[in-house]
Amino acid sequence: IAATQPSFSWHLKENSRDHHTSKFSSKELIVRRGQPFTVTFNGIEEPTQNLTFIAETGPKPSKPAKTEVTFGISSTVSKESWSAVLQSTSSNSVSISISSPPNAIIGRYKLSVRSTASGSSSSASLGTFVLLFNPWSSGDDVFLSNKAECEEYVLEEFGIIFAGSKNHINSFGWNFGQFQEDILNICLSMLDRSLNYRQDPVTDVSHRNDPKYLGRVLSAMVNANDDHGVLLGNWSGNYEGGKSPSSWTGSVEILQSWKKSGFKPVKYGQCWVFAAVLTTVLRCLGIPTRTITNFSSAHDADGNLRVDEFYDADGNHLDRAADSVWNFHVWNESWFSRSDLGPSYSGWQVLDATPQEESEGIYQCGPASRHAIKEGDVDLDYDCPFVFAEVNADCMYWNYDPATRKKTLIFSKSTEIGQAMSTKAVGRDDRVDVTNDYKYEEGSKKERDIFKKARKKLGLEDKFDPTAPTQEEINQKPDISGKFKVAGPFEVGKDLNLILILANLQSDAKTVHVNMTAWSTVYTRRPVYEIWKDSLSVTLSPKEEKQFPIKILYPEYQQKLTTDKMIQVTALCHVEGGIQVLVQRDITLDNPAIDIQVLGEAKVNKEVDVEVIFTNTIDVEVMDCVLQVQGNDLLRGILEIDVPQLKAGEKSRTKFKLTPTEKGPKHLLVNFSCDKFPDIKTFKLVNVID
């Protein structure tokens, strides 16, 4: 070989088309395992039976670890090992089809060829290629038979993430951008920066054929805890020194910043940012992945399948328990088989990169089989008890007196946690509810039986728990009922109107003293600022219902709202001679709308004007207005435009140009920020034609 220096072709275009990798912007061959790819030698003179290929990956390639493989030309493709089959020969050109087994280690390989002729051998390096998981191949652990799902969960760069609260679900677009420049290299360097790799690189690389291993490692690497991973979490409501979690609109900027800073954690992330970045990384490597939003999500810190919330006598939500109930929480599901558990546990697996609790001493979570969660099989790997609690825990609400340290149960609820679980539809920009895939119908006998089964497996049924309420406390019945009714929409910049409705359930009169508070919170329902408080006393006649209007003025909450735009309103009702009643409502405020207009037809390589329209709906001037725009195949990187300040009621029209580079449906993501409205997000589907 060395004598003639033959030229060598990777057939980038044909191979990447066949392997569903043509979206990568790379000069390097990127292929999927368990599927042949073609290479051609030109100007070769030796007979091909004298050629041996060597493929190597990792720092110390070795045959026992399967990080080094050698294979000659054979007549048939092997399912179990690497193989090379002659495809065609002409006078001085040879085409060879190289196949890897469906369980090959993924990552970057060096490929070289050795030629043996008349007793002497010479070898030549052919360069590098990257091998990925293959959901299109039936032998692969990540095989997904539905082609539309492969398109969505591996090849789609746009996603929709659901947020808000169970009674007010909202959504925003996200640019996963797994095929954008340098993202694959960053994903591979994440693996090489993991704790497992640092402790034992040879063993770590040898496990990279296993999606459950990589999913777990990457769930740790996306957060900065333990390993200087990608994102630093911050739930304080103060995001100085970094970017507020709600300001991100895509993963590309985050991953590129991480690399550019010399792999210093990017500030700041919250659950949907961790989940979105993990989606990018896993889709990039070829593992089908999606984001799941769980509303009223439990964070059970002590593993007793119960979350405790505490309130003082004034109705303030006390931040004193390790347990909490988040308005929503976002995690991931990835699709792969579970040979370690058995076929019924294969399919969607829960992975969670948000650092909540340690697992085996590290902030990582999963993969937990979704089927195991539904069936209460909480003794199976990995982290099933924590995920089971997120969707099933019972909720206990306590009154706590800091002076005496005495706590009194107000009430308990077993149907509160795990509601309206949401993900984006396949091929459409709609919401799909997946709650029934995680649990049996709330309140049904089957659901309670599964809960008992889980408690039993965790040894909670037979263990005395001194912190648990007594049966007597659980069975006590309140004399009155209460609820907050919404009066009109909740919009940033407008006064908030609610009605507290109290009803006497008994046939004798009841006197009630009510302490009310409103706090701004982050989405984890952690109170940040007190906004308003009031109290009232009322006597309710037998079976009487009374309504009390509540108004919280914009100036009262304007300076105190968090970027999550959430307020928790609480009324703690002290009934004379009876038990206390807690009434609460989590409110999510809506931003004013922004509108995107594409002015004309969007055509490949032709400029088209886009206009973004925003109206200042409040009675004061808004300043520091910035518009951020991004969209793969529509524009490069992120476009940032300063928008002039707007007087009350004034409308702004901001124009910019796009030059689409590829035809088909594309998403344009817009984020508008100003001093009164941080991060108003919207997206528009742009159909690009030839």
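Domain bounds here come from an automatic or database domain assignment. On that basis, the C-alpha centres of domain 2 and domain 4 lie 31 Å apart. This is a predicted model, in which local features need pLDDT of at least 70 and side-chain atom pairs count only at pLDDT 80 or more, while totals for chains, interfaces and linings use all residues. Residues are numbered from 1 along each chain as its sequence is written, and side-chain values use heavy atoms, with hydrogens and water left out.

**Annotated active site**

- In an unreviewed entry, UniProt gives the feature "active site" to Cys271, His329 and Asp352; such positions follow the numbering used here, feature names are shortened, and annotations may be inferred rather than shown by experiment.
- These residues are spread over 82 residues of sequence, yet they cluster in space, with a largest C-alpha distance of 9.9 Å.

**Histidine 329**

- Histidine 329 sits in strand β17 (residues 324-336); strands are DSSP runs of E, at least two residues long, numbered from the N terminus.
- Its relative accessible area is 0%, so histidine 329 is buried (under 20% relative accessible area, 1.4 Å probe, protein chains only).
- Beyond its neighbours within four places in sequence, histidine 329 is in contact (heavy atoms within 4.5 Å) with residues including Cys271, Asn294, Asp352 and Glu390.
- The side chains of histidine 329 and aspartate 352 are joined by a polar contact of 2.7 Å. A polar contact is a pair of N or O atoms within 3.5 Å; within protein, one must be able to donate a hydrogen and the other to accept it, and residues adjacent in sequence count only if both atoms are side-chain atoms.

**Aspartate 352**

- You will find aspartate 352 in the loop between β18 (347-351) and β19 (368-369).
- Aspartate 352 counts as buried, because its relative accessibility is 2%.
- A polar atom of the aspartate 352 side chain lies 3.0 Å from the backbone nitrogen of threonine 354.

- Domain 2 covers 147-458 and domain 4 covers 594-688.
- Between them, about 1,300 Å² is buried, and carbon and sulfur atoms give 49% of this; buried area is the accessible area (1.4 Å probe) that two parts lose on being put together, summed over both.
- Phe158, Asn175 and Thr249 supply 38% of the area that domain 2 buries against domain 4, more than any other three residues.
- The rule finds 1 salt bridge across this interface (a side-chain nitrogen of Lys or Arg within 4 Å of a carboxyl oxygen of Asp or Glu).
- Arginine 636 and glutamate 181 meet through their side chains in a salt bridge, at 3.5 Å from N to O.

Technical notes. Helices (H or I, at least four residues) and strands (E, at least two) are DSSP runs, numbered from the N terminus. Buried means under 20% relative accessible area, exposed over 50%, partly exposed in between (1.4 Å probe, protein chains only).
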